[in-house]
Amino acid sequence: MLNADIESFSNFIDGAWVAEDERMDAINPASGQVIGNLPRSSRDTARLAIAAAKKAQPGWAATSVWKRAEMCVAIAASIDRNRQKIARTLSQEQGKPLSEAVGEVGKAADGFRLAAELVKQLGGETLPAEDPSKLVITIRQPRGVYAIVTPWNFPVNIPVEYLGPCVATGNAAVWVPAPTTSMAAVELMRAIEEAGLPRGVVNLVMGEGPVVGDEIVSHPDVNGIGFTGSPATGQRIAERGAGKPMMLELGGNGPVIVFEDADLDAAASAVAGGAFYNAGQVCAATGRVLAHRSIVEPLAKRLVELTAAQILGDPLQQGTTMGPLNNPKVVAKIHEHVDDAVAKGATVLAGGKARPDLGSDLFYEPTVLTGVTRDMRINREETFGPIIPILEFGDDEEALDLALDSEHGLSVGVFTENLGRALRFGEAIPAGIVNVNESSTYWELHLPFGGAPGTKSGIGRLGGRLTLEAMTELKMISITRRR
(Lines give C-alpha, C1' and ligand atoms only; values in the text may rest on other atoms or scores of the structure.)
Protein backbone atom coordinates (compact mmCIF):
# COMPACT_ATOMS: atom_id res chain seq x y z
CA MET A 1 0.00 0.00 0.00
CA LEU A 2 1.29 3.46 -0.94
CA ASN A 3 2.39 5.68 1.94
CA ALA A 4 -0.09 8.55 2.23
CA ASP A 5 2.80 10.99 2.64
CA ILE A 6 4.31 9.98 -0.71
CA GLU A 7 2.92 11.94 -3.65
CA SER A 8 1.68 9.93 -6.60
CA PHE A 9 2.35 11.45 -10.01
CA SER A 10 0.63 11.12 -13.39
CA ASN A 11 1.51 11.57 -17.05
CA PHE A 12 0.46 14.75 -18.84
CA ILE A 13 -1.31 13.95 -22.12
CA ASP A 14 -3.54 16.18 -24.25
CA GLY A 15 -3.71 18.84 -21.57
CA ALA A 16 -4.71 16.52 -18.70
CA TRP A 17 -2.97 14.55 -15.97
CA VAL A 18 -3.55 10.88 -16.81
CA ALA A 19 -3.10 8.01 -14.35
CA GLU A 20 -1.20 4.81 -15.12
CA ASP A 21 -1.75 1.46 -13.42
CA GLU A 22 1.86 0.27 -13.41
CA ARG A 23 4.06 2.26 -11.00
CA MET A 24 7.69 2.80 -10.00
CA ASP A 25 9.36 4.49 -7.04
CA ALA A 26 11.27 7.76 -7.04
CA ILE A 27 14.31 7.47 -4.76
CA ASN A 28 16.28 10.18 -2.95
CA PRO A 29 19.92 9.29 -3.75
CA ALA A 30 21.16 11.01 -0.59
CA SER A 31 19.10 8.85 1.74
CA GLY A 32 17.85 5.89 -0.27
CA GLN A 33 14.30 6.74 0.78
CA VAL A 34 11.24 6.60 -1.47
CA ILE A 35 10.06 10.17 -2.12
CA GLY A 36 7.49 9.69 -4.87
CA ASN A 37 5.43 7.26 -6.88
CA LEU A 38 5.64 7.49 -10.66
CA PRO A 39 3.96 5.97 -13.72
CA ARG A 40 5.65 3.04 -15.43
CA SER A 41 3.89 3.76 -18.68
CA SER A 42 3.07 1.33 -21.46
CA ARG A 43 3.49 1.60 -25.20
CA ASP A 44 -0.25 2.21 -25.44
CA THR A 45 0.13 5.29 -23.24
CA ALA A 46 2.98 6.55 -25.42
CA ARG A 47 0.77 6.11 -28.48
CA LEU A 48 -1.98 8.18 -26.86
CA ALA A 49 0.53 10.98 -26.32
CA ILE A 50 1.73 10.77 -29.92
CA ALA A 51 -1.88 10.97 -31.15
CA ALA A 52 -2.48 14.03 -28.96
CA ALA A 53 0.65 15.74 -30.30
CA LYS A 54 -0.26 14.92 -33.90
CA LYS A 55 -3.74 16.39 -33.41
CA ALA A 56 -2.47 19.57 -31.72
CA GLN A 57 0.49 20.33 -33.98
CA PRO A 58 -1.23 21.76 -37.10
CA GLY A 59 -3.15 24.33 -35.07
CA TRP A 60 -0.06 25.29 -33.11
CA ALA A 61 1.96 25.62 -36.34
CA ALA A 62 -0.75 27.92 -37.73
CA THR A 63 -0.44 30.17 -34.68
CA SER A 64 1.56 33.30 -35.45
CA VAL A 65 5.24 33.36 -34.63
CA TRP A 66 4.65 36.31 -32.29
CA LYS A 67 1.99 34.40 -30.35
CA ARG A 68 4.26 31.38 -30.03
CA ALA A 69 7.06 33.64 -28.83
CA GLU A 70 4.72 35.21 -26.27
CA MET A 71 3.87 31.73 -25.00
CA CYS A 72 7.56 30.91 -24.56
CA VAL A 73 7.99 34.11 -22.53
CA ALA A 74 4.96 33.15 -20.42
CA ILE A 75 6.45 29.71 -19.78
CA ALA A 76 9.74 31.32 -18.72
CA ALA A 77 7.86 33.54 -16.27
CA SER A 78 6.03 30.52 -14.88
CA ILE A 79 9.33 28.68 -14.37
CA ASP A 80 10.69 31.75 -12.56
CA ARG A 81 7.64 31.87 -10.27
CA ASN A 82 8.09 28.20 -9.38
CA ARG A 83 11.87 28.26 -9.34
CA GLN A 84 12.41 27.31 -5.71
CA LYS A 85 9.90 24.46 -5.78
CA ILE A 86 11.29 23.02 -9.00
CA ALA A 87 14.87 23.36 -7.74
CA ARG A 88 14.15 21.68 -4.43
CA THR A 89 12.52 18.72 -6.17
CA LEU A 90 15.43 18.56 -8.61
CA SER A 91 18.01 18.58 -5.81
CA GLN A 92 16.13 16.03 -3.73
CA GLU A 93 15.69 13.63 -6.63
CA GLN A 94 18.87 14.13 -8.67
CA GLY A 95 21.37 14.71 -5.86
CA LYS A 96 23.02 17.99 -6.89
CA PRO A 97 23.40 20.78 -4.31
CA LEU A 98 20.41 23.09 -4.06
CA SER A 99 22.46 26.08 -5.22
CA GLU A 100 23.31 24.23 -8.46
CA ALA A 101 19.67 23.22 -8.88
CA VAL A 102 18.46 26.80 -8.52
CA GLY A 103 20.95 27.86 -11.19
CA GLU A 104 19.79 25.08 -13.51
CA VAL A 105 16.15 26.10 -13.22
CA GLY A 106 17.11 29.69 -13.97
CA LYS A 107 18.87 28.54 -17.14
CA ALA A 108 15.73 26.65 -18.14
CA ALA A 109 13.70 29.86 -17.97
CA ASP A 110 16.41 31.58 -20.01
CA GLY A 111 16.12 28.82 -22.59
CA PHE A 112 12.47 29.59 -23.28
CA ARG A 113 13.21 33.33 -23.42
CA LEU A 114 16.03 32.72 -25.90
CA ALA A 115 13.77 30.60 -28.12
CA ALA A 116 11.16 33.39 -28.05
CA GLU A 117 13.67 35.92 -29.34
CA LEU A 118 15.32 33.74 -31.94
CA VAL A 119 12.16 32.39 -33.55
CA LYS A 120 11.18 35.92 -34.56
CA GLN A 121 14.43 36.12 -36.54
CA LEU A 122 14.10 32.69 -38.16
CA GLY A 123 13.41 33.05 -41.85
CA GLY A 124 14.32 32.05 -45.36
CA GLU A 125 15.99 33.88 -48.21
CA THR A 126 15.62 34.86 -51.84
CA LEU A 127 17.84 32.91 -54.21
CA PRO A 128 18.96 33.76 -57.74
CA ALA A 129 17.71 31.67 -60.65
CA GLU A 130 19.01 31.19 -64.19
CA ASP A 131 15.52 31.73 -65.55
CA PRO A 132 14.68 35.45 -65.16
CA SER A 133 10.98 34.61 -64.97
CA LYS A 134 11.52 32.71 -61.73
CA LEU A 135 11.41 34.09 -58.19
CA VAL A 136 12.94 31.52 -55.85
CA ILE A 137 12.48 31.76 -52.10
CA THR A 138 13.01 29.48 -49.12
CA ILE A 139 10.84 29.21 -46.02
CA ARG A 140 11.15 27.26 -42.78
CA GLN A 141 8.29 25.10 -41.55
CA PRO A 142 7.93 22.95 -38.42
CA ARG A 143 8.62 19.26 -38.92
CA GLY A 144 5.61 18.02 -36.93
CA VAL A 145 5.80 15.81 -33.84
CA TYR A 146 9.08 15.52 -31.96
CA ALA A 147 10.19 12.67 -29.71
CA ILE A 148 12.28 14.16 -26.90
CA VAL A 149 14.17 11.78 -24.59
CA THR A 150 16.23 13.40 -21.85
CA PRO A 151 18.74 12.34 -19.15
CA TRP A 152 18.91 12.60 -15.38
CA ASN A 153 22.04 14.75 -14.96
CA PHE A 154 20.35 18.05 -15.95
CA PRO A 155 16.68 17.03 -15.79
CA VAL A 156 15.25 20.55 -16.17
CA ASN A 157 17.73 22.43 -18.34
CA ILE A 158 18.42 19.80 -21.01
CA PRO A 159 14.71 19.19 -21.75
CA VAL A 160 14.25 22.93 -22.29
CA GLU A 161 17.10 22.94 -24.80
CA TYR A 162 14.72 20.90 -26.96
CA LEU A 163 11.28 21.98 -25.70
CA GLY A 164 11.91 25.74 -26.06
CA PRO A 165 12.83 25.58 -29.77
CA CYS A 166 10.18 22.90 -30.35
CA VAL A 167 7.35 25.06 -28.99
CA ALA A 168 8.69 28.24 -30.59
CA THR A 169 8.90 26.76 -34.09
CA GLY A 170 5.39 25.29 -34.10
CA ASN A 171 6.18 21.63 -33.48
CA ALA A 172 4.53 19.42 -30.86
CA ALA A 173 6.38 17.10 -28.49
CA VAL A 174 6.15 13.82 -26.64
CA TRP A 175 8.72 14.00 -23.86
CA VAL A 176 10.12 10.98 -22.01
CA PRO A 177 12.35 12.00 -19.07
CA ALA A 178 14.81 9.75 -17.26
CA PRO A 179 13.03 7.54 -14.70
CA THR A 180 15.31 8.63 -11.83
CA THR A 181 14.41 12.32 -12.24
CA SER A 182 10.79 12.22 -13.41
CA MET A 183 9.52 14.23 -10.42
CA ALA A 184 11.57 17.19 -11.63
CA ALA A 185 10.04 16.68 -15.07
CA VAL A 186 6.56 16.86 -13.55
CA GLU A 187 7.39 20.16 -11.84
CA LEU A 188 8.61 21.60 -15.14
CA MET A 189 5.51 20.33 -16.90
CA ARG A 190 3.31 21.95 -14.25
CA ALA A 191 5.00 25.28 -14.93
CA ILE A 192 4.40 24.85 -18.67
CA GLU A 193 0.75 24.01 -18.02
CA GLU A 194 0.37 27.01 -15.73
CA ALA A 195 1.51 29.28 -18.56
CA GLY A 196 -1.45 28.17 -20.68
CA LEU A 197 0.19 26.22 -23.50
CA PRO A 198 -2.57 24.72 -25.70
CA ARG A 199 -3.42 21.10 -24.98
CA GLY A 200 -1.41 18.46 -26.75
CA VAL A 201 1.51 20.67 -27.75
CA VAL A 202 3.76 19.17 -25.06
CA ASN A 203 2.99 15.75 -23.60
CA LEU A 204 4.89 14.10 -20.74
CA VAL A 205 5.13 10.30 -20.58
CA MET A 206 7.11 8.70 -17.75
CA GLY A 207 8.47 5.20 -17.77
CA GLU A 208 11.32 3.03 -18.94
CA GLY A 209 13.34 4.02 -21.98
CA PRO A 210 13.27 0.61 -23.70
CA VAL A 211 9.45 0.78 -23.59
CA VAL A 212 8.09 4.32 -23.93
CA GLY A 213 11.30 5.84 -25.28
CA ASP A 214 11.53 3.16 -27.93
CA GLU A 215 7.88 3.60 -28.86
CA ILE A 216 8.09 7.33 -29.47
CA VAL A 217 11.33 7.33 -31.47
CA SER A 218 10.18 4.51 -33.74
CA HIS A 219 6.53 5.50 -34.23
CA PRO A 220 5.63 6.50 -37.82
CA ASP A 221 3.73 9.60 -36.65
CA VAL A 222 6.86 11.05 -35.04
CA ASN A 223 8.76 13.30 -37.43
CA GLY A 224 11.95 14.16 -35.53
CA ILE A 225 14.03 13.08 -32.54
CA GLY A 226 15.95 14.93 -29.84
CA PHE A 227 18.01 12.81 -27.44
CA THR A 228 20.71 13.45 -24.85
CA GLY A 229 22.25 10.44 -23.12
CA SER A 230 24.70 7.58 -23.47
CA PRO A 231 26.34 6.51 -26.74
CA ALA A 232 24.84 3.01 -26.44
CA THR A 233 21.31 4.33 -26.14
CA GLY A 234 21.98 6.90 -28.84
CA GLN A 235 23.00 4.16 -31.25
CA ARG A 236 19.83 2.24 -30.46
CA ILE A 237 17.72 5.34 -31.06
CA ALA A 238 19.52 6.02 -34.35
CA GLU A 239 18.65 2.51 -35.48
CA ARG A 240 15.02 2.63 -34.33
CA GLY A 241 14.44 6.12 -35.71
CA ALA A 242 16.35 5.62 -38.97
CA GLY A 243 15.29 8.07 -41.65
CA LYS A 244 14.07 10.75 -39.23
CA PRO A 245 15.98 13.98 -38.61
CA MET A 246 17.61 13.72 -35.21
CA MET A 247 19.87 15.46 -32.76
CA LEU A 248 21.87 13.02 -30.65
CA GLU A 249 23.95 14.58 -27.87
CA LEU A 250 25.99 11.73 -26.39
CA GLY A 251 29.00 11.09 -24.17
CA GLY A 252 32.42 12.60 -23.78
CA ASN A 253 35.82 11.94 -22.27
CA GLY A 254 37.41 15.21 -23.23
CA PRO A 255 40.99 15.97 -22.27
CA VAL A 256 42.11 19.13 -20.55
CA ILE A 257 45.66 19.71 -21.80
CA VAL A 258 47.93 21.73 -19.50
CA PHE A 259 51.20 22.89 -21.04
CA GLU A 260 54.33 23.98 -19.23
CA ASP A 261 53.60 27.67 -19.81
CA ALA A 262 50.07 27.53 -18.40
CA ASP A 263 48.76 29.59 -15.49
CA LEU A 264 48.60 26.66 -13.05
CA ASP A 265 46.21 28.32 -10.60
CA ALA A 266 43.73 29.01 -13.38
CA ALA A 267 44.22 25.55 -14.89
CA ALA A 268 43.73 23.77 -11.56
CA SER A 269 40.61 25.77 -10.78
CA ALA A 270 39.12 24.97 -14.20
CA VAL A 271 40.04 21.29 -14.02
CA ALA A 272 38.52 20.89 -10.55
CA GLY A 273 35.44 22.85 -11.46
CA GLY A 274 34.92 20.74 -14.56
CA ALA A 275 35.45 17.51 -12.64
CA PHE A 276 33.39 18.23 -9.52
CA TYR A 277 30.44 20.29 -10.76
CA ASN A 278 27.33 18.09 -10.53
CA ALA A 279 29.65 15.44 -9.03
CA GLY A 280 31.29 15.05 -12.43
CA GLN A 281 28.05 13.83 -14.00
CA VAL A 282 28.45 16.07 -17.03
CA CYS A 283 29.17 14.90 -20.59
CA ALA A 284 31.62 17.78 -21.06
CA ALA A 285 33.30 17.25 -17.67
CA THR A 286 37.05 17.01 -17.14
CA GLY A 287 37.40 13.45 -18.39
CA ARG A 288 41.19 13.30 -18.18
CA VAL A 289 44.04 15.75 -17.62
CA LEU A 290 47.06 15.68 -19.92
CA ALA A 291 49.85 17.54 -18.14
CA HIS A 292 53.39 18.35 -19.25
CA ARG A 293 55.71 16.32 -17.03
CA SER A 294 57.46 19.47 -15.76
CA ILE A 295 54.28 20.73 -14.08
CA VAL A 296 52.58 17.50 -13.01
CA GLU A 297 53.66 17.80 -9.38
CA PRO A 298 52.67 21.44 -8.76
CA LEU A 299 49.41 20.96 -10.69
CA ALA A 300 48.55 17.84 -8.72
CA LYS A 301 49.30 19.65 -5.45
CA ARG A 302 46.84 22.41 -6.35
CA LEU A 303 44.20 19.86 -7.36
CA VAL A 304 44.55 17.99 -4.08
CA GLU A 305 44.02 21.27 -2.20
CA LEU A 306 40.90 22.05 -4.26
CA THR A 307 39.64 18.52 -3.67
CA ALA A 308 40.02 18.91 0.08
CA ALA A 309 37.89 22.06 -0.08
CA GLN A 310 34.88 20.16 -1.44
CA ILE A 311 32.11 19.57 1.09
CA LEU A 312 30.40 16.24 0.43
CA GLY A 313 26.97 15.80 1.99
CA ASP A 314 23.22 16.35 1.92
CA PRO A 315 22.45 18.39 -1.22
CA LEU A 316 19.74 20.32 0.60
CA GLN A 317 22.13 21.35 3.37
CA GLN A 318 23.56 24.86 3.07
CA GLY A 319 27.29 24.75 2.36
CA THR A 320 27.32 21.39 0.58
CA THR A 321 29.30 21.61 -2.66
CA MET A 322 28.84 18.01 -3.82
CA GLY A 323 25.96 15.62 -3.27
CA PRO A 324 25.59 11.93 -3.99
CA LEU A 325 25.80 10.35 -7.40
CA ASN A 326 22.44 9.73 -8.99
CA ASN A 327 22.19 5.95 -9.23
CA PRO A 328 24.04 2.69 -8.47
CA LYS A 329 25.21 2.14 -12.07
CA VAL A 330 27.24 5.35 -11.94
CA VAL A 331 28.88 4.37 -8.66
CA ALA A 332 29.66 0.87 -9.93
CA LYS A 333 31.44 2.27 -12.99
CA ILE A 334 33.51 4.66 -10.87
CA HIS A 335 34.64 1.79 -8.64
CA GLU A 336 35.58 -0.22 -11.74
CA HIS A 337 37.58 2.62 -13.26
CA VAL A 338 39.46 3.56 -10.08
CA ASP A 339 40.17 -0.08 -9.17
CA ASP A 340 41.44 -0.78 -12.69
CA ALA A 341 43.71 2.29 -12.61
CA VAL A 342 45.20 1.42 -9.20
CA ALA A 343 45.74 -2.20 -10.24
CA LYS A 344 47.70 -0.98 -13.27
CA GLY A 345 49.91 1.40 -11.29
CA ALA A 346 48.03 4.66 -10.73
CA THR A 347 48.34 6.44 -7.38
CA VAL A 348 45.41 7.88 -5.43
CA LEU A 349 46.45 11.32 -4.17
CA ALA A 350 43.04 12.23 -2.75
CA GLY A 351 39.70 10.53 -2.26
CA GLY A 352 39.23 7.20 -3.96
CA LYS A 353 36.50 5.66 -1.88
CA ALA A 354 32.77 5.59 -1.25
CA ARG A 355 31.21 7.32 1.77
CA PRO A 356 28.13 5.36 2.80
CA ASP A 357 28.41 6.93 6.26
CA LEU A 358 26.94 10.11 4.75
CA GLY A 359 23.54 8.52 4.21
CA SER A 360 23.64 6.21 1.20
CA ASP A 361 25.93 4.07 -0.93
CA LEU A 362 25.84 6.73 -3.66
CA PHE A 363 28.27 9.15 -2.02
CA TYR A 364 31.80 9.01 -3.48
CA GLU A 365 34.73 11.20 -2.57
CA PRO A 366 36.17 13.63 -5.13
CA THR A 367 39.34 11.93 -6.31
CA VAL A 368 42.71 12.76 -7.87
CA LEU A 369 44.81 10.05 -9.58
CA THR A 370 48.36 10.35 -10.93
CA GLY A 371 50.42 7.88 -12.92
CA VAL A 372 47.48 7.21 -15.22
CA THR A 373 48.40 5.59 -18.53
CA ARG A 374 46.59 5.30 -21.81
CA ASP A 375 45.71 1.60 -21.36
CA MET A 376 43.60 2.26 -18.26
CA ARG A 377 39.81 2.25 -18.59
CA ILE A 378 39.57 5.64 -16.89
CA ASN A 379 41.51 7.11 -19.81
CA ARG A 380 39.58 5.32 -22.53
CA GLU A 381 35.99 5.46 -21.26
CA GLU A 382 33.64 8.10 -19.90
CA THR A 383 33.64 7.78 -16.10
CA PHE A 384 30.86 10.28 -15.30
CA GLY A 385 31.97 10.93 -11.76
CA PRO A 386 34.14 13.27 -9.63
CA ILE A 387 37.49 11.82 -10.69
CA ILE A 388 40.58 13.66 -12.00
CA PRO A 389 42.97 11.25 -13.77
CA ILE A 390 46.33 12.82 -14.68
CA LEU A 391 48.45 11.57 -17.59
CA GLU A 392 51.93 12.94 -18.38
CA PHE A 393 53.33 14.01 -21.73
CA GLY A 394 56.79 15.21 -22.80
CA ASP A 395 56.20 17.36 -25.87
CA ASP A 396 53.47 18.73 -28.11
CA GLU A 397 53.43 15.69 -30.38
CA GLU A 398 52.89 13.31 -27.47
CA ALA A 399 50.19 15.58 -26.05
CA LEU A 400 48.36 15.58 -29.36
CA ASP A 401 48.72 11.82 -29.70
CA LEU A 402 47.18 11.30 -26.25
CA ALA A 403 44.37 13.73 -27.01
CA LEU A 404 43.56 11.95 -30.27
CA ASP A 405 43.57 8.54 -28.60
CA SER A 406 39.86 8.57 -27.83
CA GLU A 407 36.56 7.43 -29.31
CA HIS A 408 34.85 10.58 -28.02
CA GLY A 409 34.88 14.06 -29.49
CA LEU A 410 32.75 16.43 -27.46
CA SER A 411 34.78 19.05 -25.58
CA VAL A 412 38.41 19.88 -24.87
CA GLY A 413 40.28 22.36 -22.69
CA VAL A 414 43.73 23.71 -23.65
CA PHE A 415 45.83 25.75 -21.20
CA THR A 416 48.76 27.61 -22.74
CA GLU A 417 50.00 31.15 -23.28
CA ASN A 418 51.09 30.22 -26.81
CA LEU A 419 48.26 31.27 -29.13
CA GLY A 420 49.72 29.45 -32.13
CA ARG A 421 49.87 26.20 -30.16
CA ALA A 422 46.33 26.71 -28.89
CA LEU A 423 44.98 27.19 -32.41
CA ARG A 424 46.92 24.21 -33.73
CA PHE A 425 45.48 21.92 -31.07
CA GLY A 426 42.03 23.44 -31.47
CA GLU A 427 42.05 22.64 -35.17
CA ALA A 428 43.70 19.21 -34.88
CA ILE A 429 41.54 17.62 -32.18
CA PRO A 430 38.20 16.25 -33.44
CA ALA A 431 35.79 17.81 -30.97
CA GLY A 432 32.71 19.97 -31.18
CA ILE A 433 34.06 22.39 -28.56
CA VAL A 434 37.61 23.54 -27.79
CA ASN A 435 38.02 26.01 -24.93
CA VAL A 436 41.38 27.76 -24.58
CA ASN A 437 42.41 28.69 -21.03
CA GLU A 438 38.99 27.61 -19.82
CA SER A 439 37.27 24.52 -18.47
CA SER A 440 36.05 21.90 -20.92
CA THR A 441 32.55 22.54 -19.52
CA TYR A 442 32.29 26.16 -20.69
CA TRP A 443 29.18 26.72 -22.83
CA GLU A 444 26.29 29.17 -23.08
CA LEU A 445 22.72 28.60 -24.26
CA HIS A 446 23.14 30.39 -27.57
CA LEU A 447 26.40 28.67 -28.53
CA PRO A 448 26.73 25.46 -30.58
CA PHE A 449 27.04 22.27 -28.52
CA GLY A 450 27.66 18.81 -29.91
CA GLY A 451 30.16 16.13 -30.85
CA ALA A 452 32.55 15.71 -33.76
CA PRO A 453 31.52 13.41 -36.61
CA GLY A 454 32.88 9.88 -36.49
CA THR A 455 33.06 9.84 -32.68
CA LYS A 456 30.80 8.49 -29.93
CA SER A 457 29.73 12.01 -28.96
CA GLY A 458 26.71 12.28 -31.24
CA ILE A 459 25.44 14.17 -34.26
CA GLY A 460 23.89 17.60 -34.71
CA ARG A 461 24.17 20.77 -32.67
CA LEU A 462 22.12 22.19 -29.83
CA GLY A 463 22.23 25.85 -28.98
CA GLY A 464 20.53 29.05 -30.05
CA ARG A 465 19.33 29.34 -33.63
CA LEU A 466 20.94 26.00 -34.55
CA THR A 467 18.31 24.05 -32.62
CA LEU A 468 15.49 26.05 -34.18
CA GLU A 469 16.90 25.43 -37.64
CA ALA A 470 17.28 21.72 -36.90
CA MET A 471 13.63 21.50 -35.83
CA THR A 472 12.35 23.11 -39.02
CA GLU A 473 12.25 21.94 -42.61
CA LEU A 474 13.77 24.18 -45.28
CA LYS A 475 11.42 24.39 -48.24
CA MET A 476 12.13 25.95 -51.62
CA ILE A 477 9.30 27.70 -53.49
CA SER A 478 9.69 28.96 -57.06
CA ILE A 479 7.21 31.38 -58.58
CA THR A 480 7.01 31.87 -62.30
CA ARG A 481 6.03 35.37 -63.38
CA ARG A 482 3.35 35.49 -66.05
CA ARG A 483 3.44 38.53 -68.31
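Buried means under 20% relative accessible area, exposed over 50% and partly exposed in between, with a 1.4 Å probe and protein chains only. The views below show a predicted model, in which local features need pLDDT of at least 70, side-chain atom pairs count only at pLDDT 80 or more, and totals for chains, interfaces and linings use all residues. Residues are numbered from 1 along each chain as its sequence is written, and side-chain values use heavy atoms, with hydrogens and water left out.

**View 1. Asn-278 and Ala-279 in the loop between H9 and S14.** Helices (H or I, at least four residues) and strands (E, at least two) are DSSP runs, numbered from the N terminus. The loop runs between helix H9 (264-276) and strand S14 (288-292), and Asn-278 lies in it. Asn-278 is not a glycine, yet its phi is positive, at about 55°. Ala-279 also has a positive phi of about 55° without being a glycine. Most residues other than glycine have a negative phi. Asn-278 counts as buried because its relative accessible area is 2%; Ala-279 is buried because its relative accessibility is 3%.

**View 2. The open sheet of seven strands.** Two strands pair if DSSP finds at least two bridges between them. The strand order is S15-S16-S17-S14-S13-S18-S19, with mixed pairing. Strand S15 (347-350) and strand S19 (433-436) stand at the edges with a single partner strand each, so one side of each has no neighbour in the sheet. On average, neighbouring strands of this sheet are turned by 25° against each other, direction ignored; axes are lines fitted to C-alpha atoms, for helices over the stretch in contact, and angles run from 0 to 180 degrees between N-to-C directions. Strand S18 (residues 411-415) pairs with S19 in the parallel sense over four bridges. Gly-413 stands opposite Asn-435 in S19.

**View 3. Ile-79 and Phe-112 in the largest nonpolar core.** A nonpolar core is a set of buried Ala, Val, Leu, Ile, Met, Phe, Trp, Tyr and Cys residues joined through side-chain atoms within 4.5 Å. The largest has 65 residues, of which Ile-79 and Phe-112 touch the most other members. Helix H4 (residues 98-119) gives the most to this core, 10 residues. Neighbours within four places in sequence aside, Ile-79 is in contact (heavy atoms within 4.5 Å) with Ile-86, Val-105, Ala-108, Ala-109, Phe-112, Leu-188 and Ala-191. Another core, of 59 residues, lies apart from this one and includes Ala-291, Met-376, Leu-391 and Leu-402.

**View 4. The largest cavity and its lining.** On a 1 Å grid over the protein atoms alone, a cavity is a set of points where a 1.4 Å probe fits but cannot get out, and a pocket is an open set with protein on both sides within 12 Å along at least five of seven lines; lining residues have an atom within 4 Å of a point. Grid points are joined across faces, edges and corners, and a volume is the space filled by probe spheres set on the points. Three cavities of 30 Å³ or more are counted, and the largest holds about 120 Å³. Of its 14 lining residues, Leu-114, Glu-161, Pro-165, Leu-445 and Gly-464 lie nearest its centre. H4 supplies the largest share of this lining, four residues.

**View 5. The largest pocket and its lining.** The volume of the largest pocket is about 1,300 Å³. Its lining has 43 residues, and Trp-152, Phe-227, Gly-229, Ser-230 and Thr-233 lie nearest its centre. The elements that give two or more residues to this lining are helix H7 (209-218), strand S11 (224-228), helix H8 (231-240) and helix H11 (328-343). The largest share, six residues, comes from H8.
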